[in-house]
Amino acid sequence: MSQRRPASVPAFDAPELQPLKELLITGHHILDREGITDGYGHLSVRVPGADAFITLARVSPRLVDADHLVMLDFDGNYLGGNNTPPFEWPIHARTLRARPDVASVAHTHSVWSQLFSVLPQKLRPLNHYGSWLPAEGLRVYEPAGLVRTIEQGDALAATLGDAPAVLLRSHGDLVVGESIEACVQRTIRLAHVAHLLHLALLHGEPRYLSAEELAAFNAGGRDWARGWQYHISRLPEGR
Ligand SMILES: [Zn+2]
(Lines give C-alpha, C1' and ligand atoms only; values in the text may rest on other atoms or scores of the structure.)
Protein backbone atom coordinates (compact mmCIF):
# COMPACT_ATOMS: atom_id res chain seq x y z
CA MET A 1 0.00 0.00 0.00
CA SER A 2 1.31 3.44 -0.79
CA GLN A 3 0.03 6.89 -1.58
CA ARG A 4 1.30 10.44 -1.86
CA ARG A 5 2.15 11.97 1.47
CA PRO A 6 -0.50 14.55 2.52
CA ALA A 7 0.76 18.09 3.08
CA SER A 8 -0.09 17.80 6.80
CA VAL A 9 2.46 15.01 7.24
CA PRO A 10 6.13 16.04 7.47
CA ALA A 11 8.65 14.20 5.34
CA PHE A 12 10.01 11.10 7.05
CA ASP A 13 13.46 12.69 7.16
CA ALA A 14 12.21 16.05 8.50
CA PRO A 15 14.43 17.31 11.36
CA GLU A 16 11.35 17.88 13.55
CA LEU A 17 10.76 14.12 13.69
CA GLN A 18 14.32 13.28 14.72
CA PRO A 19 13.79 13.59 18.52
CA LEU A 20 10.69 11.37 18.37
CA LYS A 21 12.55 8.77 16.32
CA GLU A 22 15.39 8.69 18.82
CA LEU A 23 12.95 8.26 21.73
CA LEU A 24 11.16 5.52 19.80
CA ILE A 25 14.39 3.61 19.19
CA THR A 26 15.42 3.98 22.84
CA GLY A 27 11.98 2.87 23.97
CA HIS A 28 12.28 -0.36 22.01
CA HIS A 29 15.72 -1.03 23.47
CA ILE A 30 14.41 -0.42 27.00
CA LEU A 31 11.49 -2.83 26.53
CA ASP A 32 13.95 -5.47 25.34
CA ARG A 33 16.42 -4.81 28.16
CA GLU A 34 13.65 -5.12 30.75
CA GLY A 35 12.55 -8.47 29.35
CA ILE A 36 9.15 -7.28 28.17
CA THR A 37 9.62 -7.87 24.44
CA ASP A 38 11.53 -10.67 22.76
CA GLY A 39 11.95 -11.07 19.02
CA TYR A 40 8.53 -9.49 18.58
CA GLY A 41 6.49 -6.57 19.84
CA HIS A 42 6.48 -2.92 18.81
CA LEU A 43 6.12 0.63 19.98
CA SER A 44 4.76 3.55 17.99
CA VAL A 45 4.52 7.32 18.19
CA ARG A 46 1.99 9.67 16.66
CA VAL A 47 3.31 12.20 14.16
CA PRO A 48 2.21 15.45 15.87
CA GLY A 49 -0.70 17.14 14.13
CA ALA A 50 -1.11 14.46 11.48
CA ASP A 51 -3.06 11.24 10.94
CA ALA A 52 0.17 9.30 10.84
CA PHE A 53 2.56 7.41 13.07
CA ILE A 54 6.05 5.93 13.15
CA THR A 55 6.83 2.41 14.34
CA LEU A 56 9.59 -0.11 13.87
CA ALA A 57 9.96 -1.95 10.58
CA ARG A 58 9.88 -5.73 10.50
CA VAL A 59 12.77 -6.27 12.92
CA SER A 60 13.16 -7.28 16.56
CA PRO A 61 12.87 -4.43 19.10
CA ARG A 62 16.45 -4.96 20.23
CA LEU A 63 17.75 -4.44 16.71
CA VAL A 64 15.79 -1.34 15.74
CA ASP A 65 17.81 1.65 14.55
CA ALA A 66 17.25 4.66 12.30
CA ASP A 67 17.20 2.39 9.25
CA HIS A 68 14.42 0.24 10.70
CA LEU A 69 11.57 2.69 11.18
CA VAL A 70 8.49 3.16 9.00
CA MET A 71 5.83 5.89 8.79
CA LEU A 72 2.24 4.96 7.95
CA ASP A 73 -1.15 6.62 8.00
CA PHE A 74 -4.08 5.21 9.97
CA ASP A 75 -5.19 3.06 7.02
CA GLY A 76 -1.74 1.53 6.68
CA ASN A 77 -0.64 3.56 3.66
CA TYR A 78 3.14 3.86 3.44
CA LEU A 79 4.44 7.40 4.03
CA GLY A 80 8.19 6.91 4.45
CA GLY A 81 11.08 4.97 5.90
CA ASN A 82 11.77 1.25 5.67
CA ASN A 83 8.71 -0.15 3.88
CA THR A 84 8.35 -3.37 5.84
CA PRO A 85 5.68 -2.53 8.44
CA PRO A 86 5.08 -5.02 11.23
CA PHE A 87 2.25 -7.45 10.51
CA GLU A 88 0.25 -6.01 13.42
CA TRP A 89 0.47 -2.35 12.33
CA PRO A 90 -3.37 -2.02 12.66
CA ILE A 91 -2.96 -2.19 16.45
CA HIS A 92 -1.16 1.14 16.38
CA ALA A 93 -3.01 2.76 13.51
CA ARG A 94 -6.51 2.15 14.74
CA THR A 95 -5.75 2.84 18.41
CA LEU A 96 -4.14 6.19 17.58
CA ARG A 97 -7.09 6.99 15.30
CA ALA A 98 -9.61 6.15 18.05
CA ARG A 99 -7.73 7.86 20.86
CA PRO A 100 -6.68 11.47 20.08
CA ASP A 101 -5.41 11.75 23.68
CA VAL A 102 -2.78 9.08 23.06
CA ALA A 103 0.67 9.83 21.62
CA SER A 104 2.29 6.41 21.93
CA VAL A 105 1.14 2.77 21.76
CA ALA A 106 2.99 -0.38 22.80
CA HIS A 107 2.11 -3.94 21.87
CA THR A 108 4.05 -6.77 23.51
CA HIS A 109 3.79 -10.50 24.05
CA SER A 110 4.77 -10.11 27.71
CA VAL A 111 4.43 -13.41 29.54
CA TRP A 112 2.75 -11.60 32.45
CA SER A 113 0.06 -10.14 30.24
CA GLN A 114 -0.47 -13.47 28.53
CA LEU A 115 -0.86 -15.11 31.94
CA PHE A 116 -3.67 -12.81 33.06
CA SER A 117 -5.27 -12.89 29.62
CA VAL A 118 -6.22 -16.54 30.23
CA LEU A 119 -6.98 -16.53 33.96
CA PRO A 120 -10.40 -15.97 35.52
CA GLN A 121 -8.88 -13.31 37.79
CA LYS A 122 -8.78 -9.86 36.30
CA LEU A 123 -5.49 -7.97 36.27
CA ARG A 124 -6.28 -5.36 38.91
CA PRO A 125 -3.98 -2.81 40.59
CA LEU A 126 -2.81 -3.65 44.08
CA ASN A 127 0.16 -1.32 44.53
CA HIS A 128 1.17 2.19 43.52
CA TYR A 129 2.98 1.06 40.36
CA GLY A 130 -0.46 0.10 39.11
CA SER A 131 -2.10 3.38 40.03
CA TRP A 132 -2.69 4.23 36.36
CA LEU A 133 -4.80 1.09 35.90
CA PRO A 134 -8.59 0.99 36.37
CA ALA A 135 -9.63 -0.32 39.80
CA GLU A 136 -11.99 -2.85 38.20
CA GLY A 137 -9.15 -4.38 36.19
CA LEU A 138 -8.27 -4.63 32.52
CA ARG A 139 -10.60 -5.78 29.81
CA VAL A 140 -9.56 -8.69 27.59
CA TYR A 141 -9.81 -8.70 23.79
CA GLU A 142 -11.23 -12.14 23.13
CA PRO A 143 -10.58 -13.04 19.46
CA ALA A 144 -7.64 -15.36 18.95
CA GLY A 145 -5.03 -14.64 16.29
CA LEU A 146 -2.86 -11.71 15.26
CA VAL A 147 -4.36 -8.27 14.66
CA ARG A 148 -3.64 -7.92 10.95
CA THR A 149 -6.62 -6.04 9.52
CA ILE A 150 -8.22 -2.64 9.98
CA GLU A 151 -11.40 -4.36 11.19
CA GLN A 152 -9.48 -6.30 13.83
CA GLY A 153 -7.64 -3.14 14.85
CA ASP A 154 -10.93 -1.28 15.23
CA ALA A 155 -12.37 -4.11 17.34
CA LEU A 156 -9.30 -4.05 19.58
CA ALA A 157 -9.50 -0.25 19.94
CA ALA A 158 -13.19 -0.59 20.83
CA THR A 159 -12.35 -3.10 23.55
CA LEU A 160 -9.66 -0.75 24.87
CA GLY A 161 -12.20 2.09 24.98
CA ASP A 162 -10.90 4.90 27.17
CA ALA A 163 -8.71 2.58 29.26
CA PRO A 164 -4.91 2.85 29.49
CA ALA A 165 -4.34 -0.78 28.51
CA VAL A 166 -6.07 -3.96 27.39
CA LEU A 167 -5.01 -7.60 27.37
CA LEU A 168 -5.22 -9.73 24.22
CA ARG A 169 -6.29 -13.27 25.07
CA SER A 170 -3.51 -15.84 24.61
CA HIS A 171 -1.45 -13.12 22.92
CA GLY A 172 -0.22 -10.17 24.99
CA ASP A 173 -1.11 -6.57 25.70
CA LEU A 174 -1.74 -3.10 24.32
CA VAL A 175 -0.68 -0.10 26.42
CA VAL A 176 -1.13 3.58 25.59
CA GLY A 177 0.45 6.75 26.92
CA GLU A 178 0.59 10.50 26.49
CA SER A 179 4.27 10.15 25.55
CA ILE A 180 6.76 7.47 24.56
CA GLU A 181 8.31 7.69 28.02
CA ALA A 182 4.94 7.15 29.71
CA CYS A 183 3.91 4.31 27.40
CA VAL A 184 7.16 2.39 27.84
CA GLN A 185 7.17 2.73 31.62
CA ARG A 186 3.51 1.81 31.88
CA THR A 187 4.26 -1.31 29.86
CA ILE A 188 7.11 -2.25 32.21
CA ARG A 189 4.92 -1.52 35.23
CA LEU A 190 2.11 -3.64 33.83
CA ALA A 191 4.46 -6.64 33.95
CA HIS A 192 5.51 -5.64 37.47
CA VAL A 193 1.91 -5.45 38.69
CA ALA A 194 0.99 -8.75 37.06
CA HIS A 195 4.04 -10.43 38.60
CA LEU A 196 3.12 -9.05 42.03
CA LEU A 197 -0.50 -10.14 41.63
CA HIS A 198 0.62 -13.61 40.60
CA LEU A 199 2.68 -13.86 43.80
CA ALA A 200 -0.10 -12.42 45.94
CA LEU A 201 -2.67 -14.87 44.58
CA LEU A 202 -0.49 -17.77 45.77
CA HIS A 203 -1.34 -16.65 49.31
CA GLY A 204 -5.07 -16.23 48.79
CA GLU A 205 -7.28 -13.30 47.85
CA PRO A 206 -5.21 -10.09 47.92
CA ARG A 207 -6.36 -6.63 48.93
CA TYR A 208 -6.77 -4.51 45.83
CA LEU A 209 -6.69 -0.73 45.65
CA SER A 210 -10.03 1.05 45.36
CA ALA A 211 -10.68 3.84 42.88
CA GLU A 212 -10.37 6.34 45.72
CA GLU A 213 -7.05 4.91 46.81
CA LEU A 214 -5.76 4.95 43.24
CA ALA A 215 -6.74 8.61 43.04
CA ALA A 216 -4.73 9.29 46.20
CA PHE A 217 -1.64 7.76 44.59
CA ASN A 218 -2.25 9.76 41.42
CA ALA A 219 -2.61 13.10 43.21
CA GLY A 220 0.04 15.51 41.96
CA GLY A 221 0.49 13.81 38.60
CA ARG A 222 3.34 11.68 37.36
CA ASP A 223 6.88 12.57 36.33
CA TRP A 224 8.27 9.93 34.00
CA ALA A 225 11.70 11.56 33.57
CA ARG A 226 13.44 9.90 36.50
CA GLY A 227 12.33 6.40 35.56
CA TRP A 228 13.27 7.02 31.93
CA GLN A 229 16.81 7.99 32.95
CA TYR A 230 17.02 4.89 35.14
CA HIS A 231 16.02 2.61 32.28
CA ILE A 232 18.48 4.31 29.92
CA SER A 233 21.24 3.74 32.48
CA ARG A 234 20.53 0.00 32.31
CA LEU A 235 20.93 -0.26 28.54
CA PRO A 236 24.06 -2.02 27.26
CA GLU A 237 26.90 0.20 26.10
CA GLY A 238 26.32 1.56 22.65
CA ARG A 239 22.55 1.59 22.90
ZN1 LIG B 1 1.20 -9.57 18.71
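Guide: A residue is buried if 20 or more other C-beta atoms lie within 10 Å of its own, exposed if 12 or fewer, and partly exposed in between, with C-beta atoms placed from the backbone. This is a predicted model: local features need pLDDT of at least 70, side-chain atom pairs count only at pLDDT 80 or more, and totals for chains, interfaces and linings use all residues. Residues are numbered from 1 along each chain as its sequence is written.

Visitor: And where is Ser170 found?

Guide: Ser170 sits in the loop between strand 7 (165-168) and strand 8. Its phi is positive, about 60°, although Ser170 is not a glycine. Helices (H or I, at least four residues) and strands (E, at least two) are DSSP runs, numbered from the N terminus.

Visitor: In what order do the 8 strands of the open sheet come?

Guide: The order is 4-3-2-1-5-8-7-6, with mixed pairing. Strand 4 (78-81) and strand 6 (140-141) are the edge strands, each pairing on one side only. Two strands pair if DSSP finds at least two bridges between them.

Visitor: What about strand 5, is it buried or exposed?

Guide: 5 of the 5 residues of strand 5 are buried, so the strand is largely enclosed by the rest of the structure. Ser104, Ala106 and Thr108 point one way, whereas Val105 and His107 point the other way. In a regular strand the side chains alternate between the two faces of the sheet.

Visitor: Which way do strand 1 and strand 5 run, parallel or antiparallel?

Guide: Strand 1 and strand 5 run antiparallel and are joined by 4 bridges, with Ser44 opposite Val105. Strand 5 (residues 104-108) also pairs with strand 8 (residues 172-177), in the antiparallel sense over 5 bridges. There, Val105 has Val176 as its bridge partner.

Visitor: How many bridges do strand 3 and strand 4 have?

Guide: Strand 3 and strand 4 pair over 3 bridges in the antiparallel sense, and Leu72 stands opposite Tyr78. Their hairpin has 4 residues between the strands, and Gly76 in that hairpin takes a positive phi near 90°.

Visitor: Changing topic: at what angle do helix 1 and helix 5 pack?

Guide: Helix 1 (residues 18-33) and helix 5 (residues 180-201) pack at about 10°, with their axes 10 Å apart. Axes are lines fitted to C-alpha atoms, for helices over the stretch in contact, and angles run from 0 to 180 degrees between N-to-C directions. The two helices are therefore roughly parallel, a term for angles under 35 degrees; over 145 is roughly antiparallel, 65 to 115 roughly perpendicular, and the rest oblique.

Visitor: Which residues of helix 1 and helix 5 meet?

Guide: Leu23, Leu24, Gly27, Ile30 and Leu31 in helix 1 meet Ile180, Val184 and Thr187 in helix 5. Contact requires C-beta atoms, placed from the backbone, that lie within 7 Å. Helix 1 also lies across strand 1 (42-46), strand 2 (52-56), strand 3 (69-73) and strand 5, at about 155° to strand 1.

Visitor: Which residues touch the most other members of the largest nonpolar core?

Guide: Leu174 and Cys183 do, in a core of 58 residues, to which helix 5 gives the most, with 10 residues. A nonpolar core is a set of buried Ala, Val, Leu, Ile, Met, Phe, Trp, Tyr and Cys residues joined through C-beta atoms within 7 Å. Leaving out residues up to four places away in sequence, Cys183 touches Leu43, Ser104, Val105, Ala106, Val175, Val176 and Gly177.

Visitor: How many residues of helix 2 are buried?

Guide: In helix 2 (residues 89-98), 9 of the 10 residues are buried, so this helix is largely enclosed by the rest of the structure. Its cover includes strand 1, strand 2, strand 3, strand 5, helix 4 (150-160) and strand 8.

Visitor: And what is the count of buried residues in helix 6?

Guide: The count is 0 among the 8 residues of helix 6 (residues 211-218), which is hardly covered. Gly220, with a positive phi near 95°, follows helix 6.

How values were computed. Two residues are in contact if their C-beta atoms, placed from the backbone, lie within 7 Å.
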